[in-house]
2 protein chains.
Amino acid sequence: MTTQQHGRNSHDEITLGHLEEGAAFTALARGQQKAPSERQSLSPSTLPSPSRLTDNAFAFQRTAAMRAAVGLDVFTAIGEGYGTSAALADRCGAAERGVRVLCDFLVAIGLLGLADGRYVAAPDAAAYLDRRSPAFIGDALNFVTSDSVLKAVLSDPVAVVRRGGTILDDAEHFIAPDQVDWTTYARGVAPMMARSAIFLADLVTSHGGTIERILDVAAGPGQNGIALARRVPDAHVIAIDWPSVLAIAEENARGAGVGERWNARSGNALETELGGPYDVVLIARFLHLLAPDQREALLRRVHAALAPGGRTVAMQIMLNDDRVSPPFATMMNFNVLATTPSGQVPTVPELEALLRSAGFDRLEWHELPDSDERIALAWK
Amino acid sequence: MTTQQHGRNSHDEITLGHLEEGAAFTALARGQQKAPSERQSLSPSTLPSPSRLTDNAFAFQRTAAMRAAVGLDVFTAIGEGYGTSAALADRCGAAERGVRVLCDFLVAIGLLGLADGRYVAAPDAAAYLDRRSPAFIGDALNFVTSDSVLKAVLSDPVAVVRRGGTILDDAEHFIAPDQVDWTTYARGVAPMMARSAIFLADLVTSHGGTIERILDVAAGPGQNGIALARRVPDAHVIAIDWPSVLAIAEENARGAGVGERWNARSGNALETELGGPYDVVLIARFLHLLAPDQREALLRRVHAALAPGGRTVAMQIMLNDDRVSPPFATMMNFNVLATTPSGQVPTVPELEALLRSAGFDRLEWHELPDSDERIALAWK
């Protein structure tokens, strides 16, 4: 037996590819790819460092460290003032050796600092990973690294790419009825969505027009419909999602004081009768899970469910037309490749064409600030 | 149902923590950690970006992409001249949709470029991930991302930290007898080790002294003993490792023309009689898998097995005394926490103390160039 360690060309960083490198390389690469015969002659002295490759291969350890630290509430304990590995181990109910090795690694990736034998949280880790913070996103991170997601994406990625879609079965994948992870999602992401929901409500109401009847398709934690209902005191919301998810959204609606103007309609948004007519139909963070034909069918039904002059609002991560940017969208595209049968992140022109084909004549694009998400406003 | 996507504060990069940030933060953090009451008052406008946290959580997708691309030989196919997603899909036996989404993500993390609809490999990817390259490390990357490793590190990292050691059972973990992954390792890493083996042979022979009998402890693919045997024409090597690993090392020894001066001794290096006396005992990339008491016992036995004036050579990733650098060593420390019952990456002072305690009087430290590994030369 030996070890799993490899030579590296850098003593001082864990290197992972950034877009800048990718873009620069794309610009340089045009016509410059070496022929195999040239590459065969690479001598050790001309070889580039392999460290980006080993670091990308080992990247799963970052996910593991995040799962461990959030699961044990390490950042919360640090925020409470437990700073040494012994104190943290005691507080978190873990072995000191385990906590020390975990925290040392978190120092190396910049999420903790170490000063005088005490760990301290980086500003972003303190703001988002301390459970006492109103901005806590640990539960949302648990969703994106859930056992189902890891099984889908990481257990056999060769099979995913071969198949061109998820290897999860019909009961497991992420558009399966009442798929269990969406409950985790609905509980976890609400804090992250408060800002975008308010932005969306501002945007929708800034255009004038009647807003009395709102449909929130694939509502998740319900934030978008709830924020709009709070902004427009007479508006009523119908929210469609799986029953277990809607139970959480309903709690949120009551908590926000709009419970009496908010109603759940449980079911599959692709099949359930939408009802209507509506003045606004919200479709947030949903279309990338669907196959193109499912999107088209949904948008036609949404168009039909709108009152004359009504509008739909599609908020969504989207790819640029080059398909390889923004980077987060390409990563989400790989994610939905592996978690759904035929989902894909749409490009802006694709979604625009779909909306026009579904009958929407007037169209506006907006960007969600500090985000890769975009918003299409489309009028019937 | 909704989506697993989160707001980001950057449109143009996938951000992951680098040491620079960590070190800078450590320097800044001294005494500056905010009290919980201060953090409670963070308003959206003063919140830092959560993108480092989401990107670290999503880092497993980089591992998945590496596994898929190496497993399907995408980089080899690109090197052969297959450039479009359709041509690559055909060559790799995969769905075009899968190949396109995978390659677009690889563009975003900088391992591929895209020009005129054709993917091109970045220089490091072409050098190390094209199976036709003599520097191919794809098999080594398969080892570091094997199913066993992923199970150990990622399936339940909370339990790993709680326990302070592996959750794998006695037949599965990485110092279990004949653990299956070490065969993958021995086959995969030989190309990566050629350079360090030559450096080691240079170093050992540069000090003069008799070198007739060499022991290679936990020999793996056998490169180190083989390189030394090639340098010293009369030297004989005894290599200890599991039988399946030694079979590969023996092939390598024969291939290098030293098969007649190279002998296998299969077994557990912690228990097998070492024999001797030896002039040189090589212990490469092994000690971090062991508990401190196992290291100590091994080094005492090595000292006893050396001839007077003989030396041991321990080549190893090592932590600095601060334990949080170099970053790659902290990552390997988290790795062995999860893959072994009680392994840990030693610090330089720890290993020095162990060697002295085992009876080694004279000690020299060397750094392996372009690597985080260090080499201790210790004389009896």
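Strand β7 (residues 306-317) of chain B pairs with strand β9 (residues 373-379) of chain B in the antiparallel sense, over seven bridges. Strands here are DSSP runs (E, at least two residues), as helices are (H or I, at least four residues), both numbered from the N terminus. Two strands pair if DSSP finds at least two bridges between them. Within this pair, B:Gln316 stands opposite B:Arg374 of β9(B).

The model is predicted: local features need pLDDT of at least 70, side-chain atom pairs count only at pLDDT 80 or more, and totals for chains, interfaces and linings use all residues. Residues are numbered from 1 along each chain as its sequence is written, chains are lettered from A and ligands numbered from 1 in the order in which they are written, and side-chain values use heavy atoms, with hydrogens and water left out.

Both strands belong to an open sheet of seven strands in chain B, with the order β5-β4-β3-β6-β7-β9-β8 and mixed pairing. In general, strands of a sheet pair through backbone hydrogen bonds, either parallel or antiparallel. The edge strands of this sheet are β5 (262-266) and β8 (362-367) of chain B, each of which pairs on one side only. On average, neighbouring strands of the sheet are turned by 15 degrees against each other, direction ignored. Axes are lines fitted to C-alpha atoms, for helices over the stretch in contact, and angles run from 0 to 180 degrees between N-to-C directions.

Helix α12 (residues 181-205) of chain B packs on the sheet. The helix α12(B) touches β6 (278-284), β7, β8 and β9 of chain B, where contact means heavy atoms within 4.5 Å. The direction of α12(B) makes about 150 degrees with that of β7(B).

B:Arg213 is found in strand β3 (residues 213-217) of chain B. B:Arg213 counts as partly exposed because its relative accessibility is 33%; buried means under 20% relative accessible area, exposed over 50%, and partly exposed in between (1.4 Å probe, protein chains only). Leaving out residues up to four places away in sequence, B:Arg213 touches B:His236, B:Pro277, B:Tyr278, B:Asp279, B:Val280 and B:Ala307. B:Arg213 also lies 5.7 Å from B:Ala235, C-alpha to C-alpha, although 22 residues separate the two in sequence.
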